[in-house]
Amino acid sequence: MRTIHTLALVIILAVSSLVVSAQQPASSPTATITPSANSTPHNWSTEQILTCTVSDCWQLAGKDEATFFDIIQQLASISAQSRGVTLPDDAAAGQRVGNFIKMKTKEDHQALLYGVVDSAIRHVGDKAAAKAATK
């Protein structure tokens with residue numbers, strides 16, 4: 001649970017930087033990531049967010065950090081489940097994921113957000129832990 005909170009904090013900090021940049025014109029078998037408890041029902045489909053760019057997802061989220069974070073969490077869950085990985089339960093892993101997402105989203109607002117999130121999950125995901133959990 002601590003990893004989720006740490007991951008949430010790091011991603012929120014990453015999104016804060018993205019908010020400023022995005023407003024400027026563009027020149028485990030099962031993951032333990034869940035949307036925030038106070039999130040409202042979303043207005044997107046899974047297929048839609050899988051094909052949205054960083055900028056498109058920001059617009060889809062209504063330029064709201066919490067909603068954008070919900071999209072990131074949903075994409076992280078899809079990635080971890082598809083890859084068969086679990087996320088390590090430590091603050092450093094959460095920081096690595098958040099920093100990676102922050103760096104990549106700042107570099108290219110036209111990159112697919114799923115690609116960025118998937119790369120971060122693959123970077124810190126633990127296949128060995130996922131295999132041990134299924135035994």
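Visitor: Is Lys-106 buried, exposed or partly exposed?
Guide: Lys-106 counts as partly exposed, because its relative accessibility is 43%. Buried means under 20% relative accessible area, exposed over 50%, and partly exposed in between, with a 1.4 Å probe and protein chains only.

Visitor: What should I know about the source?
Guide: This is a predicted model, where local features need pLDDT of at least 70, side-chain atom pairs count only at pLDDT 80 or more, and totals for chains, interfaces and linings use all residues. Residues are numbered from 1 along each chain as its sequence is written, and side-chain values use heavy atoms, with hydrogens and water left out.

Visitor: Where does Lys-106 sit?
Guide: Lys-106 is in helix 5, residues 91-107. Helices (H or I, at least four residues) and strands (E, at least two) are DSSP runs, numbered from the N terminus.

Visitor: Which residues of helix 5 are buried?
Guide: Ala-93, Gly-94, Val-97, Gly-98, Phe-100, Ile-101 and Thr-105. They lie on the same side of helix 5, because they cover an arc of only 160° around the axis. The arc is that of the directions from the helix axis to the C-beta atoms.

Visitor: What span should helix 5 have?
Guide: At 1.5 Å a residue, its 17 residues should span 24 Å, and the end C-alpha atoms are 24 Å apart, which agrees. The expected span is 1.5 Å times one less than the number of residues.

Visitor: And what is at the start of helix 5?
Guide: A side-chain oxygen of Asp-90 comes within 3.3 Å of the backbone nitrogen of Ala-92.

Visitor: Switching to helix 4. What is at its start, and what follows it?
Guide: At the start, a side-chain oxygen of Asp-64 is within 3.4 Å of the backbone nitrogen of Ala-66. Gly-84 follows helix 4, with a positive phi near 70°.

Visitor: How many aromatic pairs are there?
Guide: One. Trp-58 and Phe-68 are edge-to-face, at 5.5 Å centre to centre and 75° between the planes. Rings of Phe, Tyr and Trp (its six-membered ring) pair if their centres lie within 6.5 Å; planes under 30 degrees apart count as stacked, over 60 as edge-to-face and the rest as tilted.

Visitor: Buried or exposed, those two?
Guide: Both Trp-58 and Phe-68 are buried.

Visitor: How many helices and strands overall?
Guide: The protein chain has seven helices and zero strands. Of its 135 residues, 46% count as buried.

Definitions and conventions
Polar contact = N/O pair within 3.5 Å; in protein donor to acceptor, adjacent residues only side chain to side chain.
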